[in-house]
Amino acid sequence: VFTRPTEFGAVQYADKKRVTVVAAAGNSGIKISTFTGSESFQGQYPLSFNEVISVAALSQNGTTRANYSNFGKIDISAPGSYIYSTKLNNTIDYDSGTSMAAPMVSAFAGFILALDPNLHPKSVLEAMCANPTPVAINDDRGTNAEFVGCGRINLGATLNTVNNSLPLPKITTNCGGDGEAACPAGRWFEQFSFQFTVQGRVTPLKWSY
């Protein structure tokens, strides 16, 4: 029961279809197990599934973890305290919680996928975590990862990096993925070429594109 097999199947299906899934960490201030967990130390779902990007909330200053934010299986963090947002009964007010942080990461994923729709969900998280703003709980990297993941989202640095990287060729056959049969080449692409030019003749050569 504590492994949620039906929900796990749904998340795996979404992952195979290259759907990026984001979940809030929860607001109980407790440690959450990674999948599969145990009867005595359970996960929180869909947060605990490896295929899901789990989001912790930061305090109002954005530099420390919010004390209510769950920890353990955390991938990345975002501002989640005193966020101005829509509320029930047609009102707008400040609210706090990991549910305020997770939508920022969902939107962040949308920006990344707008630049490269072919990215696998794992690559989306890798892009987010390539240029985060560091958030330190203490000097231990393991503790930091448990509480805030790879750090605070940094849209500017990440999008600059993704936008300035080489464009990827279009996938025509995603062998073994999306329900397709496996094939020896792994993936097939449309014909793809790119022109490089030398900027200088002193080794090592510098290249621009």
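Predicted model: local features only at pLDDT ≥ 70, side-chain atom pairs only at ≥ 80, totals over all residues.
**Exercise 1.** Classify the ring pair formed by Phe71 and Phe147, and say which parts of the chain the pair links.

*Solution.* A search of the whole structure gives 7 aromatic pairs. For Phe71 and Phe147, the ring centres are 4.4 Å apart and the planes meet at 20°. Planes under 30 degrees apart count as stacked, so this pair is stacked. Now trace the chain: Phe71 sits in the loop between β2 (52-58) and β3 (76-79), while Phe147 belongs to helix α4 (residues 141-148), 76 residues apart. To finish, check burial: Phe71 is buried at a relative accessible area of 15%, and Phe147 is buried with a value of 15%.

**Exercise 2.** Describe the largest nonpolar core and find which element gives it the largest share.

*Solution.* Begin with the members: this core has 20 residues, and those with the most contacts inside it are Val55, Ile76, Val105, Ile112 and Met128. Then list the elements giving two or more residues: β2, β3, α2 (98-115) and α3 (121-130). The largest share, 6 residues, comes from α2. A second, separate core has 13 residues, among them Val21, Leu47, Val52 and Ile74.

Key:
Residues numbered from 1 in each chain as written. Heavy atoms only, no water. Phe/Tyr/Trp six-rings, centres within 6.5 Å; stacked < 30°, edge-to-face > 60°. Helix = DSSP H or I, 4+ residues; strand = E, 2+ residues; numbered from the N terminus. Buried < 20%, exposed > 50% of the residue type's maximum accessible area, 1.4 Å probe, protein only. Core = buried A, V, L, I, M, F, W, Y, C linked by side-chain atoms within 4.5 Å.
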